[in-house]
Amino acid sequence: MSIWRLALKFVERDILFKKLIAVLTILAIASGVATFVSLRILSIGSRTAAMNIVQQVLPGEVVVYGQGLYDVSEDVLADIKRLPGVKDVTPAILVTGYVGRNAVFLLGVRPEDIGNVVSKFESGQAFTSLSGPYAIADIGLAKKLGLKVGDKVTVKPPYGTSFRQYEIIGIAEVTMKIEEIGAAGGYLILPLREAQNLLGRPGYVSMAVVKVEDGVDPNEVKSLISVVFPGSRVMLREEVIGIVFKVMSLIEGLLLSTTMVGLAVAVFGTTSTITSTVREHQREIAIMHAGGSSRRDIALIFMLEALVYGVAGGLLGIVFGIMGAQVGIEIVASYGFLNPPLILEPQSLLLSFALASILSVLSSIYPVWRATSIRPVEVLKSE
């Protein structure tokens with residue numbers, strides 16, 4: 001009988017004899033792998049969704065903010081629009097407010113900029129003037145509050161006690177795909193002048209998105225804007241994406257530490273299981289030594305058993321990880337800030353499988369060393 005067949009017989013007998021221990025060892029490995037796979041899939045999907053949101057929300061290349069919430073003057077925006085290389089400037093107000101007792105996002109835009117924030121209308125139409133007691137509700141908000149075209153809503157700004165009433169003239173899908181962030185639960189789009197009057201800041205907006213001409217370096221436009229509007233915060237769209245990714249990287253780092261704990265538990269579990277197996281098979285190991293089996297042959301038996309645990313745990317962990325990622329995506333999407341797609345990266349799945357297999361084999365090194373160090377005379381004498 002070849003050493004490989006003998007090793008497989010040993011592994012089969014051990015797993016069948018210690019079913020519960022074998023299952024727990026495999027599950028320990030699978031849990032660590034599943035956590036890694038889930039977080040990796042969520043990370044890739046979230047980064048993709050975040051980039052899509054930034055590109056949709058910020059259709060230009062340069063974003064201009066003031067020092068406060070609503071202190072970007074429309075007069076300054078007119079000066080910015082006259083700068084060389086600037087194609088268009090889109091002013092907007094974006095703040096939290098209340099519809100009744102429900103927190104929402106209030107978005108004030110010009111009629112000509114509706115296309116930048118709305119992808120399609122489910123019913124009704126867009127407003128055609130800068131002012132007027134009209135509003136567009138996003139689909140999520142309309143479903144949540146049971147709104148339909150023709151209904152009237154009472155809107156309160158984020159501070160103060162004043163409120164105004166607006167008629168819903170359209171139900172639309174917001175391009176930003178944001179339905180809930182924290183306490184806010186949807187979008188209500190107002191004409192720009194109405195939003196300014198509601199906040200008591202006529203002539204001011206909270207941000208402006210600058211679209212540059214084709215072939216023009218956005219960095220040059222950014223520098224020019226900083227000169228024209230020295231008190232502003234000017235950022236490229238790529239810088240906004242970079243900030244989002246930095247925050248996400250910090251969160252991923254914290255979650256990765258949890259994954260490492262899970263993998264450490266899996267390694268400890270595998271080492272414990274193989275050590276127990278070596279202890280139970282001391283007599284067989286001593287007989288094999290006495291019969292001329294090499295240290296390499298004995299090491300192969302127990303390393304193969306560890307590999308079987310790693311392969312089984314790795315495959316099971318990938319399945320659990322994909323299922324966990326689907327649940328995680330649904331949870332993240334329920335908050336509305338991101339709607340991550342389920343992206344399966346073959347490299348990540350192969351890395352997870354390889355990680356489970358390699359760590360399992362490495363975790364067997366100590367018990368294998370003990371097995372190959374057994375002295376037949378001492379063991380058989382005690383028997």
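I'll start with the second largest cavity, where α11 contributes the most to the lining, with 5 residues. The model is predicted: local features need pLDDT of at least 70, side-chain atom pairs count only at pLDDT 80 or more, and totals for chains, interfaces and linings use all residues. Residues are numbered from 1 along each chain as its sequence is written, and side-chain values use heavy atoms, with hydrogens and water left out.

A cavity here is a set of points on a 1 Å grid over the protein atoms alone where a 1.4 Å probe fits but cannot get out, and lining residues have an atom within 4 Å of a point. There are 2 cavities of 30 Å³ or more in the structure. Two or more lining residues come from each of α2 (19-57), α8 (237-280) and α11 (346-363). By class, that lining has 8 nonpolar, 3 polar and no charged residues.

Now helix α7, residues 218-228. Which of its residues are buried, meaning under 20% relative accessible area with a 1.4 Å probe, protein chains only? They are P218, V221, K222 and I225. These residues are on the same side of α7 because they cover an arc of only 105° around the axis, taken from the directions from the helix axis to the C-beta atoms. On the face turned away from that buried side, E220 and V227 are exposed, that is, over 50%. At the start of α7, a side-chain oxygen of D217 comes to within 3.1 Å of the backbone nitrogen of N219.

Key:
Helix = DSSP H or I, 4+ residues; strand = E, 2+ residues; numbered from the N terminus. Polar contact = N/O pair within 3.5 Å; in protein donor to acceptor, adjacent residues only side chain to side chain. 1 Å grid on protein atoms, 1.4 Å probe; cavity = no way out; pocket = protein on both sides within 12 Å on 5 of 7 lines; lining within 4 Å. Points joined across faces, edges and corners; volume = space filled by probe spheres on them. Nonpolar A, V, L, I, M, F, W, Y, C, P; charged D, E, K, R; others polar.
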